[in-house]
Amino acid sequence: MHELSLCESVLQVIEQQAQAENYQTVTAVYLEIGALYGVDPEAMRFCFDSVVQGSLAANARLEIIEIAGQAWCSSCNTNVLVEQRYESCPNCGSYPLQINDGDQMRIKQLEVA
Amino acid sequence: MCGVCGCGDQHQHSPKHSHILGLSPTRMVKIEQDILAKNNHYAAENRRYFAERKMLVLNLVSSPGSGKTTLLTETIERLKADTEIAVIEGDQQTSRDAERIRATGVPALQINTGKGCHLEAQRVGQALDTLQPKAQSVLFIENVGNLVCPSGFDLGEAHKVVILSVTEGEDKPIKYPDMFHAADLMLLNKIDLLPYLDFNVEQCLAYAKQVNPNIEVIQLSAKSGQGLEQWQAWIKKQLTLQA
């Protein structure tokens, strides 16, 4: 259900941009989803197809770009990859880490006609 | 070479230009827009509204059955003598919770989210027009019972307060880290039941701190009244910080 309302937000953005960017049909949506954002890409695909029915993006492909979770470890003074929010540093084991990538979801670009 | 379609010509792409008869050409439009940008915009408006009125707004989040509404009615009973209070209730269906709050004599407005699993800032903004909360009041927003989705939706509140009851298991903070990460205060509810359960309080608090090192914790029971004074004092302190 969470993914359903997020897909509705995606469609709203697409519809809002249609006039400004002068397009009638969207053929692909490029969506960045961070690994730490808490959204399941498969659920997004499922919901996307039902949400866009009858809209200007009815036949659009959903291209999901998965962004790895990254965080700054102040003990190691380096950026490390993390799979969960609460993980400790894979190098030195300390936490908290300062998350600096992979906690976002945004529309990157559209392929339009 | 054309950079858009890769054909050999030098030309501009317009919607009319077509390489293959009967197929319209496609082009890329950069959007770079956060999905939650719209919600965040309304949340900022709400936050401005609350600041102008020096209100304290708390977004109460938990799983269903954590005892949010009972805790809220008990809290209201203790605060209402000297504090203005209003409540926004979020549920998928029914106005049962708002009716329970109104029984305490405090104004309450129910938002039914229907298929939605969380409250959004725009709906809260609309509710404010109807509810007309008073200046320097405390507004409690009881979110839809769900430990996942409400974490990502800012409503303009000062703090998210997560309520975890001891009947739910001590590992909830690491199972639902986003919510415990987003909250500033955790209320560990139903502690009167601890003698009957295998709930490890120390382990639970350690998990919560692991996800969010800055989270404050108050242990309480809405039923026995234990810890409610500490919770009440926390609210009063936060209210003075809004002035």
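Which strand of chain B pairs with β6(A), and over how many bridges? Select β6(A) and strand β1 (residues 27-34) of chain B: they pair in the antiparallel sense over six bridges. Two strands count as paired if DSSP finds at least two bridges between them. Helices (H or I, at least four residues) and strands (E, at least two) are DSSP runs, numbered from the N terminus.

Before going on, note that this is a predicted model, in which local features need pLDDT of at least 70 and side-chain atom pairs count only at pLDDT 80 or more, while totals for chains, interfaces and linings use all residues. Residues are numbered from 1 along each chain as its sequence is written, and chains are lettered from A and ligands numbered from 1 in the order in which they are written.

**Stop 1: where the chains meet**

Stay on the paired strands. Pick V112(A); its bridge partner in β1(B) is R27(B). Now widen the selection to the whole contact. Chain A gives 28 residues and chain B gives 26 residues. Contact here means that the C-beta atoms of two residues, placed from the backbone, lie within 7 Å. On the side of chain A that touches chain B, α1 (2-20) and β6 (105-112) each supply at least two residues. Colour that side by residue type: 13 are nonpolar, 10 polar and five charged. In this count Ala, Val, Leu, Ile, Met, Phe, Trp, Tyr, Cys and Pro are nonpolar, Asp, Glu, Lys and Arg are charged, and the others, Gly among them, are polar.

**Stop 2**

Select four strands in the order β2(A)-β1(A)-β6(A)-β1(B). They form an open sheet with mixed pairing. Why do β2 of chain A and β1 of chain B stand at the edges? Each has a single partner strand, so one side of each is left without a neighbour in the sheet. Neighbouring strands are turned by 20° against each other on average, direction ignored.

Next, zoom in on strand β1 (residues 26-34) and strand β2 (residues 61-67) of chain A. They pair in the parallel sense over seven bridges. Y30(A) stands opposite E63(A), and I33(A) stands opposite E66(A).

Together with β1(A) and β2(A), α2(A) makes a right-handed β-α-β unit. Right-handed means that, with the strands pointing away from the viewer, the path from the first strand over the helix to the second runs clockwise. The helix α2(A) lies across β1 and β2 of chain A, at about 160° to β2(A).

**Stop 3: a hairpin in chain A**

Move to strand β3 (residues 69-73) and strand β4 (residues 78-82) of chain A. They run antiparallel, joined by five bridges. A71(A) stands opposite V80(A). Four residues lie between the strands of this hairpin, and N77(A) takes a positive phi near 55°.

**Stop 4: the sheet of chain B**

Switch to chain B. Its open sheet of seven strands runs β4-β3-β5-β2-β6-β7-β8, with parallel pairing. The edge strands are β4 (108-112) and β8 (216-219), each pairing on one side only. The twist averages 20° from one strand to the next.

**Stop 5: loops and a helix in chain B**

Select S151(B), in the loop between β5 (138-142) and β6 (159-165). Is S151(B) buried or exposed? It is buried, because 23 C-beta neighbours lie inside 10 Å. A residue is buried with 20 or more other C-beta atoms within 10 Å of its own, exposed with 12 or fewer, and partly exposed in between; C-beta atoms are placed from the backbone. Not counting residues up to four places away in sequence, S151(B) touches D178(B), M179(B) and A182(B).

Find Q136(B) between α4 (121-131) and β5, and K190(B) between β7 and α7 (201-211). Q136(B) is partly exposed, with 15 other C-beta atoms within 10 Å; K190(B) counts as buried, with 24.

Finish at helix α2 (residues 68-79) of chain B. Its buried residues include L71(B), L72(B) and I76(B).

Methods:
Axes fitted to C-alpha atoms, helices over the stretch in contact; angles between N-to-C directions.
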